[in-house]
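I opened my notebook today to look up a few spots in a protein model. Here is what I wrote down, entry by entry.

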Amino acid sequence: MQTILLTVEPSLSEISIKGNLEQFLIVLSVSLSVATVSRIFSWFRQIPYTLLLVIVGLGLAFVDIRLVNLSPELILEIFLPPLLFEAAWNIRWRSLKDSLLPVSLFAIIGVVISVVGIAFPLSHFTDLSLATALLVGASLSATDPVSVVALFRELGASKRLTIVMEGESLFNDGVAVVAFLLLVDIAIGGGDFAISSIVIRFLTFVGIGLGIGSIIGFGISYLTQRFDLPLVEQSLTLVSAYGTYLITEELGGSGVIGVVTVGIILGNFGSRIGMNPRTRLLVSEFWDFLAFFVNSIVFLLIGDQINFASLQKNIDLIIVAIATVLVTRAIVIFGLGNLSNLLSKTQLNLREQTVLWWGGLRGSVSIAIALSVPIIFTGRQEIINTVFGVVLFTLLVQGLTTKWLLKSLDLIGDQPLRQEYSELLARKVALGRVINYLNNNELASEIDPEYYRYQQGLVKGELQGIEDKIDTLQREHENLRSLTMEQLQEQLLDIEADTYAEFIRAGKLNENLSPVLQEIMAKAGDT
C-alpha cells in the first residue's frame with residue numbers, strides 16, 4: 001500500500017505543477033496579446049492598454065472563466081515591488097523636490113482625510129460598523145501608482161501634473177498600508193486606541209522603510225562604481241526591489257516605502273555615479289519592459305476576479321462608497337492644493353486640481369489591502385465587495401474619461417510637440433558625433449575617398465534636414481528653447497557624474513565627490 005502511495009503522490013504533484021504552469025501561460029498569453037493588440041491598431045490606442053485589459057478581464061469573468069486565484073500575497077510580494085520600483089526609478093528627484101510640499105500633503109494628510117471621510121458616511125448611511133468602514137476607508141485611501149502612472153504616461157500629461165500625481169501615488173500607498181495595519185490590529189481587539197501609540201507605530205513603520213531603503217540604495221550605488229558590467233548592474237536593481245521589500249517587511253517596516261526609497265535613490269543617485277549612459281539606458285529599458293509585463297498581468301486579473309453576483313448584493317454599499325471617495329478626494333485635492341499654493345512656489349491651478357481629483361484611480365493596491373483582511377473579521381466580505389466595486393468604477397468610468405477631461409481643460413498642451421522636439425535634438429547630437437567620428441577616423445586613408453565623401457554627404461544632408469526642422473519648431477514655438485536648456489543641464493550633470501565614476505573605477509579616487517554643478521545651477525536659478 002505504501003508503495004502505491006509513493007508512486008501516486010509524485011504524479012499528483014506533477015499534475016498540480018502542470019496545471020499551475022498552464023494557468024500561468026494562459027494568463028500571460030491573453031494579457032500580452034491584448035496589450036500588444038492595443039498598441040498595433042489605432043482604434044484600440046484610444047483606450048489606455050491597462051484599462052483595455054480590465055475590460056477583457058471583465059468579459060472573461062462575465063462568462064465565468066477564472067484564469068487564476070488572485071491572492072494578496074501574489075500582488076504584494078510578486079507584482080507590487082517591480083511596479084513601485086519602476087515608477088520610482090523614472091521619477092526625477094529634482095522635479096519631485098520642487099513639488100514635495102503638495103505631494104507630502106496629499107500623501108500623508110490626504111490619506112488621513114480619506115480614511116475618516118470614507119468611513120464615517122459609510123457607517124452612518126449603511127449597516128457597516130465603524131470598524132469595518134474604517135478598513136474600507138484605509139483600503140480606498142491610496143491612489144494606485146500602477147493605474148495612475150500607466151494612464152498618465154499613455155495620455156502624455158504635462159510634466160508638473162505627472163510629477164505630483166506620481167509622487168502622491170507612490171508615497172500614499174505606504175501610508176495607506178501602514179494605516180490599514182494599525183486599524184486591523186485595533187479592529188480585532190489587539191491594538192491600542194491611544195493617539196500617541198498609533199503615531200509611534202506609524203513612525204516606526206515609515207522609519208524602518210526609509211532606513212532599509214536608504215541603506216540598500218546607497219550601498220548598491222557605491223558598489224556599482226567599482227565595476228562596469230551592465231547585466232550585473234541590471235540584476236542588482238531587480239534584487240534591490242524584491243530584497244528591500246522582503247527585508248523591510250520582515251523587520252516590521254513598510255515594504256512599499258522601502259521600495260520607493262531605494263528606487264528613487266538608484267534612479268537619481270546610483271544611476272549617475274555608478275552607471276555609464278549606455279548602462280543606464282539598458283536598465284531603464286529593462287524596467288520599462290518589466291513594468292509593461294507585470295501591468296499586463298495585474299490589470300487582466302483585476303477584471304477577471306470580479307464577482308458580479310456579490311457586487312449586485314452590495315450595490316448600496318458600493319454607491320455610497322463611490323460618492324464618499326469622490327467627495328473626500330475633492331476635499332483633499334482642492335483643500336490641500338490651495339493650502340500648498342499658499343505655502344510653496346509650485347502652484348496647482350484649478351484645472352490641474354480638477355484632473356488630480358478625477359484622476360485619483362484605485363486599483364491593485366486597494367484590492368490587495370482588502371483581500372488581506374483577516375478571515376476571522378466578520379465584515380471581510382463586505383469590505384472586499386465594496387472595494388472591488390469602487391475600483392471597477394474608478395478604472396472604467398474615471399479612467400476612460402480622464403483623457404477627455406485633459407483635452408477639455410487643455411492640459412495635454414504641447415506634450416506631443418515637446419516629444420518630437422526632444423527626438424530631433426537627440427538625433428542632432430547623435431549625427432553630430434557620427435560626423436566628428438568620420439572627420440577624425442584614423443582608417444580614412446584606407447577607404448576609397450569617393451565612398452568616404454559620399455558617406456559624409458549622406459550624414460551631413462540628414463543632419464541639415466534635422467537642424468532645419470529644429471529651427472522651424474523654435475520659430476513657431478519659442479517655449480521649446482527652455483527644453484533645450486533643460487537637456488543641456490541634464491547632459492552637464494551626467495558628464496560630471498560619469499567622470500567621478502570613471503576615476504573611481506580606475507582607482508584614482510577612493511570615494512564619490514558630491515556634485516558641484518547641481519548646486520551651482522540651483523543657486524543660479526534662485527537669483
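**Glu233**

I looked up Glu233 and found that it counts as buried because its relative accessibility is 0%; buried means under 20% relative accessible area, exposed over 50%, partly exposed in between, with a 1.4 Å probe and protein chains only. This is a predicted model, where local features need pLDDT of at least 70, side-chain atom pairs count only at pLDDT 80 or more, and totals for chains, interfaces and linings use all residues. Residues are numbered from 1 along each chain as its sequence is written, and side-chain values use heavy atoms, with hydrogens and water left out.

I placed Glu233 in helix α10 (residues 230-250); helices are DSSP runs of H or I with at least four residues, numbered from the N terminus. Leaving out residues up to four places away in sequence, I noted that Glu233 touches Thr224, Phe227, Asp228, Gly274, Met275 and Thr279, where contact means heavy atoms within 4.5 Å.

**Gln398 and its helix**

Next I turned to Gln398, which sits in helix α17 (residues 380-408). Gln398 counts as buried because its relative accessibility is 1%. Its contacts, not counting residues up to four places away in sequence, include Trp357, Trp358 and Phe393.

I then followed α17 itself: its 29 residues reach 40 Å from first C-alpha to last, close to the 42 Å expected, which is 1.5 Å times one less than the number of residues. I also found a kink of about 40° centred on Thr402 in α17; the bend is the angle between axes fitted to the seven residues ending there and the seven starting there. Just after α17, I saw that Asp410 takes a positive phi of about 60°.

Terms used
Helix = DSSP H or I, 4+ residues; strand = E, 2+ residues; numbered from the N terminus.
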